[in-house]
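Me: I would like to understand the words used to describe a protein model. Could you go through some of them with me?

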Amino acid sequence: MTKLTDLPAWKKLQQHYLDTKDIHMRELFAQDPERYESFSLKFHDILFDYSKNRITQETMDLLLQLAEQADVTGCRERMFSGYPINNTEHRAVMHTALRNKSGEPTYADGERIDEEISTELDRVKLLAEKIRTRQWLGHSNQPITDVVNIGIGGSHLGPLMVTEALHPYSIHDLHIHYVSNIDENHINNTLETLNPDTTLFIIASKSFTTQDTLVNAMTAKDWLMHKLESEENLHKHLVAVTSNVKMAVEFGVAEENIFKMWDWVGGRYSLWSAIGLSIVISIGAEHFDALLEGAHDVDEHFKTAPLAENIPVIMALIGIWYNNFYNSESIAILPYDQNMHRFPAYLQQADMESNGKGCDRSGADVDYSTGPILFGEIGIASQHAFYQLLHQGTKLVPADMLAPISNFNCIATHHRALMSNIFAQTEALMTGKTEQEVKAELQQQGLPDDEIEALLPFKIFPGNRPTNTFLFYTLNPKTLGSLIALYEHKIFVQGIVWNLNSFDQWGVELGKVLAKNILDEINIADPVSNHDSSTNALINYYLSLKPIKDPN
């Protein structure tokens, strides 16, 4: 396989960058009044405007050539066909099968999987409906009022993000809680207002060996046992989502309360599976199906749309343009919908765990930049926080801005003010404010010349800061499913171009192994000397000040 930096399109893009890097977007819009029509796409109710980027048609043509030369279409076909593209773990990557609404048979590693998926989803919906209709009773014959999802990573961030985003569609007197942090404050703060008689725990762990999840699960079990008196009643308050049925049963979960996970579903792509049990409990089966349908529609778009009209492909290529040619190291995700406040955190894992890799699929070190640093927050709050850096800082930070045209409960005074901000910010980031404009503005205010000269450099905005804008009619389940899937496939395309395995995550393993070993040392409580001098000193300092108590 030809090395990425040796591809003809890559070499042409390097020269093209040198030829165009000093062009301001003001000039591009002045030269082409139809620029928006050329650089925007629609998918159902989602409008994707990418015209406010440092691109020309030649840029896009070369980036599309790069996608073709990197075999994006062939790799896409291999993923959807169930080929084991996760080469380090010898697994297929079939999260798209979880939301396949086509009715066509689906295979992974040569085995049909769609019937098993359907069966498991039916079980999830049945349990959720019993809880939502108050038919599922705790040990004291009271209905469940609170559900606590205990997980970490993809078993936490995906369900949490969706539940928060679709809050208007939830049953508001059925409370969904999420616990992920092994710090006891997280679970203790959650449990302090709950009643064991009316609380159900979901232990979400693919392997059922993750320390963070199991420590929290044991605390939850002990909390229940103080009230339940007998383990025979645990089945009314404990369910699990895992691929390790044996360990879940040994923990105390009744086998009929265990929902299946598969090897071909990565944790950060698992909200569409039984890991989404808490979502189904919150919003109901009908809305969950709409979430799946929205994602499936994007899957079909990604599979069939020409690359030049393919939104995830365009998203990915623009990101590569900044990451690899402008040497931009980060990207901001800025939703202008309060219910999407966990969307940036969800995408952090999806993107940085997928493409935060330093070796290619063959194991060779890469000599080009791969996955960007992703950060973000609600747009309105961010305007009064880190937008200063976006506007006048020394770093180029491309940004994605997402906003609903109408809210679930749309109050005109609120929503018009909200939308005026997103339109103003994308325009301001693009146009900036020149020295001449600032000077004229200050002169109009009647300031003396010496004060104008003193203020001038501080009020100049360079502009030329790129943004993508996503507008959608409202944040309903189907649209949210589509937005998530757009980003999933963007990440996939970038991984293909960078020749990465986007579906393993060996980088999280080393810390886990070392933490287990150090925990054993802390439990023994003898001074340590087998680490580096800093780690030895930190552990020994902790041991000298922290009394060690037997947790039992």
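Below, we take a few terms in turn and set each value against its definition.

Reply: Happy to! This is a predicted model, in which local features need pLDDT of at least 70 and side-chain atom pairs count only at pLDDT 80 or more, while totals for chains, interfaces and linings use all residues. Residues are numbered from 1 along each chain as its sequence is written, and side-chain values use heavy atoms, leaving out hydrogens and water.

Me: Why are α14 and α20 called roughly parallel?

Reply: Helices here are DSSP runs of H or I with at least four residues, strands are E runs of at least two, and both are numbered from the N terminus. Helix α14 covers residues 343–355 and helix α20 covers residues 477–497; they pack at an angle of about 20°, with axes 10 Å apart. Axes are lines fitted to C-alpha atoms, for helices over the stretch in contact, and angles run from 0 to 180 degrees between N-to-C directions. Angles under 35 degrees count as roughly parallel, over 145 as roughly antiparallel, 65 to 115 as roughly perpendicular, and the rest as oblique. So α14 and α20 are roughly parallel to each other.

Me: Which residues of α14 and α20 meet?

Reply: Contact means heavy atoms within 4.5 Å. On the α14 side, the residues include Phe343, Tyr346 and Leu347, and on the α20 side they include Ile484, Tyr487 and Glu488. The contact of α14 with α20 divides into seven nonpolar, four polar and three charged residues. Here Ala, Val, Leu, Ile, Met, Phe, Trp, Tyr, Cys and Pro count as nonpolar, Asp, Glu, Lys and Arg as charged, and the others, Gly among them, as polar.

Me: What makes α5 and α12 oblique to each other?

Reply: The axes of helix α5 (residues 72–80) and helix α12 (residues 285–304) come within 10 Å and cross at roughly 140°. That angle belongs with "the rest" in the angle classes, so α5 and α12 are oblique. Arg76, Met79 and Phe80 of α5 make the contact with Asp299, Phe302 and Lys303 of α12. By class, this contact has three nonpolar, no polar and three charged residues.

Me: How do you know that cysteine 75 is too far from cysteine 359 for a bond?

Reply: A disulfide is a covalent bond between the sulfur atoms of two cysteines. The rule asks for a pair of cysteine sulfur atoms within 2.5 Å. The closest cysteine sulfur to that of cysteine 75 is in cysteine 359, 16 Å away, so it is too far for a bond. By this rule the count is zero disulfides.

Me: Why is cysteine 75 called buried, and cysteine 359 partly exposed?

Reply: Buried means under 20% relative accessible area, exposed over 50%, and partly exposed in between (1.4 Å probe, protein chains only). Cysteine 75 has 15%, so it is buried. Cysteine 359 has 35%, so it is partly exposed. Glycine 495, found in helix α20, has 0% and therefore counts as buried.

Me: What makes the phi of asparagine 141 worth a look?

Reply: Most residues other than glycine have a negative phi. Asparagine 141 has a positive phi, near 65°, and is found in the loop between α6 (114–132) and β5 (146–150). Asparagine 464 also has a positive phi, of about 65°, and lies in the loop between α19 (449–459) and β13 (467–472).
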